[in-house]
Amino acid sequence: MSSLTEHEPHGAHQTRKATASGWIGSALEYYDFFIYATAASLIFPQVFFPNTDPTVAIIASLATYGVGYVARPIGAFFLGHWGDTHGRKNVLILCMFLMGFSTVAVGLLPTYEQVGLLAPALLVLLRLIQGFAVAGEISGASSMILEHAPFGRRGFFASFTLQGVQAGQILAAAVFLPLAHYMPKDDFNSWGWRIPFLLSVVVIIAGWIIRREVQETPAFAEESEQKAVPKAPVIQAVTESWRDMLRVMLCSLMNVIPVVTTIFGAAYAVQPGYGIGFEKDVYLWIPVLGNIVACIVIPFVGNLSDRIGRRPPIIVGSVLAGLLSFGYLYAISVHNVWLAVAMSLLMWGVVYQGYNAVFPSFYPEMFPTRTRVSGMAISQNLGTAVTALLPALFVAVAPPGASNIPLTVGAITLAITVVAAISAWTARETYRLHMNDLGRQDAEPVAKREYDDLRAQVLAGQAA
């Protein structure tokens with residue numbers, strides 16, 4: 001029987017401290033990323049763009065939101081390289097500072113009335129920096145937690161990366177929505193909207209305090225000691241692991257589910273052209289409720305992936321979420337608000353977490369230590385960037401006045417989720433591979449019975 005340390009990196013494993021660092025860092029960074037999304041819809045059209053044509057101002061403001069997704073693949077190349085050559089801890093601190101300072105700067109920007117076109121130009125520049133920075137967060141935090149986690153519990157601990165992301169979105173709503181609701185409109189439009197951005201200085205202070213306490217991961221430390229750190233991890237990842245990078249990119253198309261729920265679904269429900277007529281307040285709360293449910297579900301699914309494997313939850317969650325999209329869109333089409341909310345929570349808050357809770361362990365486990373951050377960051381952000389185009393595609397194929405909108409958009413959504421499920425199915429199972437064997441095609445997984453015994457030892461040790 002294998003020992004717990006065989007094929008595992010030696011050194012101090014700061015499992016709980018690394019998990020807390022990843023969770024809080026992801027929460028704070030995605031708070032920054034999503035307060036921008038809220039402001040782009042509610043306030044930026046009036047503040048940073050000419051008010052001669054409100055429609056053009058709205059389109060331009062939402063376009064600056066999309067710019068963040070354009071920058072993510074670029075950030076993935078640079079930050080992936082940094083994470084694989086300078087360490088997981090270093091790349092996470094770099095991401096935190098880039099995100100924090102750029103978000104605070106948005107809160108200090110002059111308006112269009114004050115400086116003219118310089119205002120939207122600076123806004124786009126800062127959004128590019130935000131997108132660049134967030135590209136390294138999930139891959140860096142997932143790798144950090146995974147490499148500190150004990151064998152047999154990597155799925156559970158890595159899932160907290162995404163729980164932090166969902167919590168960051170809840171925090172963004174918790175700060176922004178009460179300000180928008182309770183402040184006098186003129187005060188909110190003139191200066192109140194800046195408060196959530198200026199509060200991001202907390203990101204810099206809290207993130208620095210937390211992340212400086214975490215040591216570099218044992219896996220990366222061993223690579224450094226053995227002088228095995230690659231000079232060009234991006235090239236090495238592409239040449240050695242391009243098949244797994246393609247799998248990750250296709251699996252990342254699962255971002256279609258939140259797109260259908262919160263972007264196209266919201267437009268379908270509230271925009272006058274579609275004639276449904278739901279109240280906008282309902283769709284402001286769907287992301288909040290969905291993220292609350294997700295925060296509860298994620299650790300359970302992460303733990304399940306340590307028991308039965310990574311692929312089953314991803315495959316089942318992907319296909320079921322695609323099927324439920326028909327029901328969600330149908331509920332909107334028949335003007336049933338409560339059924340639409342219930343279907344969205346089931347589809348996004350519960351079933352989608354079969355994918356969302358597991359990919360933070362599954363993706364980095366596909367790659368060896370030397371190229372882990374690069375391989376995951378580049379492929380995941382390329383896939384996510386593609387989904388940023390989906391709202392425009394959905395509106396093009398199912399414009400206002402079209403018939404069978406739930407069937408049309410649901411069919412595209414299901415087809416995409418099936419592609420993601422097939423991609424996961426073609427990957428090798430990783431949960432019973434030791435850390436030092438990850439990314440090796442010839443590596444033999446630990447036998448199931450032996451794995452269960454080793455995992456029980458870990459659980460007993462953590463409970464003691």
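**Entry: helix crossing.** I began with helix α13 (residues 233-251) and helix α20 (residues 372-387), whose axes come within 8 Å and cross at roughly 45°. An angle of 65 to 115 degrees would count as roughly perpendicular and one under 35 degrees as roughly parallel, so α13 is oblique to α20. I noted the crossing of α13 and α20 as right-handed. The model is predicted, and I read these values accordingly.

I then listed the residues in contact. On the α13 side they are P233, V234, A237, M245, V248 and M249. On the α20 side I found S374, G375, M376, I378, S379, Q380, L382 and G383. By class, the contact of α13 with α20 holds 9 nonpolar and 5 polar residues, and no charged ones.

**Entry: aromatic pairs.** How many aromatic pairs does a search of the whole structure find? The search returned 17. I examined F156 and F160, whose ring centres are 5.2 Å apart. I checked the accessibility of the two and found F156 buried and F160 buried.

I next looked up W193 and F197, an aromatic pair that is likewise edge-to-face. Here the distance is 5.9 Å centre to centre, with 75° between the planes. W193 and F197 are both buried. I also recorded one aromatic cluster, formed by F264, Y268, Y274 and F394.

Entry: Most residues other than glycine have a negative phi. I therefore noted exceptions to this, citing the general rule again.

H335 has a phi near 65°, a positive value in a residue other than glycine. I located H335 in the loop between α16 (311-333) and α17 (337-351). Is H335 buried or partly exposed? Its relative accessible area is 43%, so H335 is partly exposed.

For N404, phi is near 55°, again positive in a residue other than glycine. N404 sits in the loop between α21 (390-397) and α22 (405-426).

Note on methods
Residues numbered from 1 in each chain as written. Predicted model: local features only at pLDDT ≥ 70, side-chain atom pairs only at ≥ 80, totals over all residues. Heavy atoms only, no water. Axes fitted to C-alpha atoms, helices over the stretch in contact; angles between N-to-C directions. Helix = DSSP H or I, 4+ residues; strand = E, 2+ residues; numbered from the N terminus. Parallel < 35°, antiparallel > 145°, perpendicular 65-115°, else oblique. Left-handed = near helix turned anticlockwise from the far one by under 90°. Contact = heavy atoms within 4.5 Å. Nonpolar A, V, L, I, M, F, W, Y, C, P; charged D, E, K, R; others polar. Phe/Tyr/Trp six-rings, centres within 6.5 Å; stacked < 30°, edge-to-face > 60°. Buried < 20%, exposed > 50% of the residue type's maximum accessible area, 1.4 Å probe, protein only.
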